[in-house]
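Thanks for coming. I will go through the ligand site, then the domains. Here is the structure.

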Amino acid sequence: MKSLYLIKPYLSERRLFIVLGLIFLITVDFLQLFIPRIIKWAIDDLTGYRIDKISLLIYALYIVGISVLIGIFRYLWRRCLMGTSRRVEEGLRNRLFAHVQTLSAPYFDKAKTGDLMAHATNDIQNVRMATGMGIVALTDAVVLGTAAVGFMVYINVKLTLFVLIPMPLIVFGARFFSKKMHRGYHEVQGAFSELTEVVRERFAGIRMIKAYNREQEASSKIETVSKDYIGKNLALVRITGSFSPMMILFSNISLAIVLFLGGRQTITFTITPGDFVAFIAYLGLLTWPMMATGWVTNLIQRGKASLNRIDRIIKEKPTIDDPADPVWPDHVSGSIGFESVTFSYRPFDRSSVAAPVLDGIDLEIKHGNVLGIVGPPGSGKSTLLSLIPRIFDVGGGCITMDSIDIRKIQLAHLRSMISYMPQEPFLFAGTIRENITFDSRKTNESQLIQAVERASLLDAINTFPNGFETIVGEKGIVLSGGQKQRVGLARMLLKDAPVMILDDPISQVDLKTGETIIDTIRAMAGEKTIIIVSHRLSALRFADRIIALDHGRIFESGTHAELMANNQYYAKTFRLQEVEEEYA
Ligand code: ADP
Ligand code: MG
């Protein structure tokens with residue numbers, strides 16, 4: 001199996017524990033097999049009237065002693081082997097996460113978050129089960145199974161053969177049921193997460209539901225999902241409920257065979273009464289290895305399939321990656337150039353041709369200059385910005401930084417040159433401080449306060465119950481859209497890179513705050529290369545050049561004064577907004 005390389009490092013790291021664990025496990029198996037021997041000796045002594053109270057007590061103490069040893073060794077193998085499988089789980093999960101993080105934006109357009117979550121949980125759990133319980137069940141099946149049969153053969157071959165007749169039923173029964181139980185269990189889990197999600201969403205959207213009088217519909221939706229969950233649970237109960245009665249039936253058939261045939265052999269003195277009782281005890285020990293045989297094939301199959309799925313993700317290469325021979329510019333001034341850049345997103349189905357989102361874009365932004373971008377929604381403004389830090393790569397043409405094709409610059413280096421504020425900054429669950437500094441230990445307090453002040457966020461933070469340590473998100477206070485935007489802005493100002501990219505930074509703040517923010521940005525002109533998208537055109541008046549995009553093409557370009565004189569889209573929109581703002 002090729003994908004085994006994924007877990008090998010963790011297994012060899014735990015080699016000592018695996019060897020010890022197996023020794024302890026096999027020791028337990030043999031100790032268990034010893035108990036029927038003691039019973040045999042005791043009964044043979046009893047039926048031969050050769051026993052006194054003292055030796056009976058000794059036999060009893062043997063059994064107590066062995067049971068104590070079994071307990072100790074069982075604890076030890078569990079620690080060694082289960083610890084190993086947990087280590088495999090941990091290592092594999094970290095590796096998968098580290099790898100997925102290196103993949104590029106186009107991969108995440110293709111792969112659903114839910115699927116990735118499933119790989120990180122179910123598949124890794126399957127591998128853990130295969131390396132933990134899989135190894136245990138396999139060892140028990142082989143060692144305990146053959147040894148028990150061996151002791152039975154030692155007592156009587158013919159009897160053993162008859163008793164083994166129902167055993168394949170146990171093996172196949174266990175295989176069949178464990179498969180069904182696993183599937184049923186997963187369906188229950190799936191239905192449960194669906195239920196949680198629907199309930200969570202209905203609670204989160206409770207204001208909307210109330211405003212539109214949709215309580216009835218929300219309730220009936222919950223009822224449907226809830227009914228599905230109960231149905232799946234009952235289906236699982238039907239399977240688990242019939243499993244053990246079935247197994248007990250099969251092993252009781254074996255017991256009946258022993259009782260009848262073995263009893264007759266005891267009468268004819270072929271075997272001793274002690275052998276007869278020991279035989280029944282061995283039979284009891286044999287049920288688990290038989291079930292384990294059926295179970296282990298499923299465990300290993302599932303683990304293998306899961307490991308292969310994980311392997312496929314690990315084999316996935318980032319489409320946007322470092323160049324083979326990166327150029328290291330000593331000093332980046334931060335001028336940006338676009339040369340006939342075209343771009344299209346991957347089409348959703350392969351048959352259709354992707355429409356170009358950007359088409360023949362030529363731009364030159366000198367160091368310290370400000371470029372403003374305007375255009376109707378969907379015209380490609382955000383896409384254009386995302387190409388500069390290589391969130392996506394250009395389809396045709398090229399983008400340069402200091403006249404070097406950005407694909408020739410080390411990715412981490414390129415991104416360290418750019419401060420990028422996306423249209424909808426994402427907030428992680430955590431404190432305001434963590435969200436702004438991104439957990440970076442490098443930032444000192446005065447830098448943080450300065451950035452927050454410049455982002456017009458300090459007053460808001462001061463009103464929060466715990467200031468910078470206030471938790472935001474689901475578990476904390478809820479920030480308004482404009483506050484989130486300013487957190488994104490503070491993040492960006494703190495990074496302080498030579499190139500600043502802002503995607504509609506004032507779309508959700510009031511006019512006055514917007515003006516303060518624009519003043520902050522404006523103060524950086526001349527020092528930083530700034531590219532800024534805004535739907536509020538007045539915010540871009542100070543730009544050295546403004547372009548208007550539509551359908552991925554530049555159709556107007558110039559300074560504010562030039563565009564106003566041009567009297568086209570820009571000038572008309574500008575005047576319209578001026579009137580709106582007056583009456584706002
Ligand atoms: P703008 O920022 O000007 O509103 P965008 O750059 O966000 O425009 O979008 C331009 C076009 O690209 C739109 O038609 C949009 O639907 C499409 N688009 C944006 N992001 C994606 C994506 N991740 N996958 C596919 N299409 C996208
Ligand atoms: Mg946009």
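Start with Y345: a polar side-chain atom of this residue sits 3.4 Å from a nitrogen atom of ligand 1, a polar contact being a pair of N or O atoms within 3.5 Å, where a pair within protein also needs one atom able to donate a hydrogen and the other to accept it, and residues adjacent in sequence count only if both atoms are side-chain atoms. This is a predicted model, in which local features need pLDDT of at least 70 and side-chain atom pairs pLDDT 80 or more, while totals for chains, interfaces and linings use all residues. Residues are numbered from 1 along each chain as written, chains are lettered from A and ligands numbered from 1 in written order, and side-chain values use heavy atoms, without hydrogens and water.

D109 also has a polar side-chain atom 3.4 Å from a nitrogen atom of ligand 1. For S382, an N or O atom of the side chain is 2.7 Å from an oxygen atom of the ligand. Ligand 1 alone exposes 560 Å², and the protein buries 62% of that (Shrake-Rupley areas, 1.4 Å probe; for residues, only the protein chains shown count as cover).

Now the domains. The assignment, automatic or from a database, gives domain 1 as 2-314 and domain 2 as 336-417 + 497-582. Their centres, over C-alpha atoms, are 59 Å apart. The contact (heavy atoms within 4.5 Å) takes 4 residues from each domain.

How much area is buried between domain 1 and domain 2? About 350 Å², with 62% from carbon and sulfur atoms; this is accessible area, 1.4 Å probe, lost when the two parts are put together, summed over both. On the domain 1 side, A105, P106 and D109 lose the most area to domain 2, together 78% of what that side buries.
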